[in-house]
Amino acid sequence: LPQTLDAARACCAPAAAAPGPGAPPAPDERALAEQALLRAALDAVRALLDPQGRPPLAHLSVMLQTLFAARTLEERAPGDRELAAAAGAALAVFEALDSDALSDALDEPQRALLFESLLATATYPLEPESPGTLLTEGWLELPWSPAPDLVVTGFNEGSVPDAVVGHAFLPDRLRQGLGLTSNERRAARDTYLLQALLASRPAGAVRLLLERVSSRHDVRKPSRLLFLCDEPTLITRAKRLYSDAENAAAGHPRSLPEAWRLSLPPPGPPPERLSATAFKSYLACPFTFYLNHILEMEACDDRAVELDPPAFGTLCHNALEAFARSDLRDSSTAAEIAAFLHTEIWRVMRRTYGEALPAVLHLQASAACKRLGFFASCQARLRADGWRIVMPEHTFEMTERGMRIRGRVDRIDRHEGNGKWRILDYKTWDRLGKEEGLDRFTSAAKADLADAAARGLPAFTLAGKTRVWTDLQLPLYLLLTQADTRVTSGAPAECGYLTLGETEAETVCRTWDFSACRDEAVAAVRHVIDRVRAGVFWPPSPKREWARDYASLFLDSPEKSVSAEWLADQRRRLGGLS
């Protein structure tokens, strides 16, 4: 996408006539007309953005007036009412800064920062999305309400009158001196509004409701406006408001009503295929696996301004794949390996994101080049030690328990001297991890061992400790390559990671021999497959894995937020496995 208005305008400039055969055809009249309209729109945007020497806030005001000059609002249209309310909230912020003393005390950048801070706290009422909804009005809108009877809720101190207490930069006395809205002026305004509401309606037409405790169970005080009365009324009113309550204040229910629980679809037919990386997700949390891999739920966001970790990893992987397929893959010279990888990184970045890279992408490309420079030194040492790349990135597939398993192996090496195989997976981790990388796919923690035993997962011994699998990617890569006969079954073979660390010390190649725990790996693979095929995705992990990506879907926990029918179905499926 174009990064600037000039680049956008260049994209819609009239194309020259086709010079000869093989060239793209010239645009037709309709396309030329559309390009002209787009150029005019871009020019209008440029003119709108031009401050013409005005201060920032004055320029913003002119921009808003220009944008909405031709807009006519209809009171009956919900969208227009909401727009008017938003405009009113913005105007209130402009008026709050309309002070000569404030203009003399602050420069334009400071005024703009204060404007942004005030605007961030401004609110306005939203219109209902469905018809037939009972509309409520704010306190300041009530004087214009034609309703003969009013019910005002939340008539408590701090709400009516509203008060700003303990502001770090604008205490109340300073606000008074600057001519801004102060607590004293708010109290006077609200006193007038209450009197106007009472005077314009018959006795008993205005009812005031008070909150005894807040939603956080804090005690609320009655509004001070209720005590602006004669002495006999004051005594009677105070006794009534501060008498012992007949009933305890109602708190929040301890659980959601059934109608509010999330109704998830029951598991349908099992998937036809699982990726080698999906097994880690199921072992970590079956419920998260269900949301991600079965329902395919993931957040959509088009606001990215830089490469996220997966995209950064893909960038590095693509460059390494190109290296493994090139004539330089047998090189033992770090400098020429690094030069090839750096050229590949910049070629991919400019092909994907354009010649004029934003600064953040430029920095990320440089960071990738730095990591791949460390890789070049590591790769040169591996080649000098006798390791040779025999297969670049390749997808393997096998069938287990009626389930197809697919895995994309980054590369396969073989030692020229002893014939040992080595299956490697590239990782853009900052460091290998604890226990020289063992914690990346196993756990020796007592809690994890107990949880695995309860779920029927076998334990095994590796590096002198009893462990359970937390990620089956590496042993699955070994099984996949052996099933394909790419790696001879029974031949010495290792699997491991080649980490592209932030430093040369953290850029290492670490491998393990899984022959002693192969049966336990196969048992864990079958454990996951059997449960996925049975539609068992419960219980969630006690480590709250689901909260990382799906916390917004649940109040408190999945157990308390998912429908009872879905939970009962899962318990029935679990019982069928035992």
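1. A reader new to this structure might begin with Q52, which sits in the loop that runs between α2 (29–49) and α3 (56–68). The model is a predicted one, and in it Q52 has a phi near 50 degrees, a positive value in a residue that is not glycine. Most residues other than glycine have a negative phi, and most peptide bonds are trans. With a relative accessible area of 56%, Q52 is exposed, because the cut-off for that class is over 50%.

2. The bond that joins V160 and P161 is cis, with an omega of about 0 degrees, and P161 is placed in the loop between β1 (150–152) and α7 (172–178). The bond from W538 to P539 is likewise cis, with omega near 5 degrees, and P539 is placed in the loop between α17 (518–533) and α18 (547–550).

3. Turning to helix packing, two packed helices are described by the angle between their axes and the distance between the axes. For helix α13 (residues 334–353) and helix α14 (residues 359–384), the axes come within 8 Å and cross at roughly 155 degrees. Since angles over 145 degrees count as roughly antiparallel, α13 is therefore roughly antiparallel to α14. The contact of α13 with α14 comprises, by class, 16 nonpolar and six polar residues, with no charged residues, and α13 passes α14 in a right-handed crossing.

4. How do the axes of helix α12 (residues 309–324) and α14 cross, and within what distance do they come? They come within 11 Å and cross at roughly 45 degrees, and α12 and α14 are therefore oblique to each other. The crossing of α12 and α14 is right-handed. On the α12 side the contact is made by F312, L315, C316, A319, L320 and F323, and on the α14 side by Q364, A367, A368, R371, L372, F375 and Q379. By class, this contact of α12 with α14 has 10 nonpolar residues, two polar and one charged.

5. In soluble globular proteins, nonpolar side chains tend to be buried together. Here the largest nonpolar core has 61 residues, of which F279, F287, F441, W469, L476 and F514 touch the most other members. The element that gives the most to this core is α17, with seven residues. Leaving aside residues up to four places away in sequence, L476 touches A276, F279, M398, I405 and V525. There is also a second, separate core of 31 residues, which includes A338, C369, L372 and I389; L372 is also one of the α14 residues in the contact with α12.

6. A last point concerns A491, which lies in the loop between α16 (473–483) and β12 (493–499). Is A491 buried, partly exposed or exposed? With a relative accessible area of 22%, A491 is partly exposed, because buried means under 20% and exposed means over 50%. Between A491 and G575 there are 84 residues in sequence and 41 Å in space, taken from C-alpha to C-alpha.

Notes. Residues are numbered from 1 along each chain as its sequence is written. This is a predicted model: local features need pLDDT of at least 70, side-chain atom pairs count only at pLDDT 80 or more; totals for chains, interfaces and linings use all residues. Side-chain values use heavy atoms; hydrogens and water are left out. Helices (H or I, at least four residues) and strands (E, at least two) are DSSP runs, numbered from the N terminus. Buried means under 20% relative accessible area, exposed over 50%, partly exposed in between (1.4 Å probe, protein chains only). Axes are lines fitted to C-alpha atoms, for helices over the stretch in contact, and angles run from 0 to 180 degrees between N-to-C directions. Angles under 35 degrees count as roughly parallel, over 145 as roughly antiparallel, 65 to 115 as roughly perpendicular and the rest as oblique. A crossing is left-handed if the near helix is turned anticlockwise from the far one by less than a right angle, and right-handed if clockwise. Ala, Val, Leu, Ile, Met, Phe, Trp, Tyr, Cys and Pro count as nonpolar, Asp, Glu, Lys and Arg as charged, and the others, Gly among them, as polar. A nonpolar core is a set of buried Ala, Val, Leu, Ile, Met, Phe, Trp, Tyr and Cys residues joined through side-chain atoms within 4.5 Å. Contact means heavy atoms within 4.5 Å.
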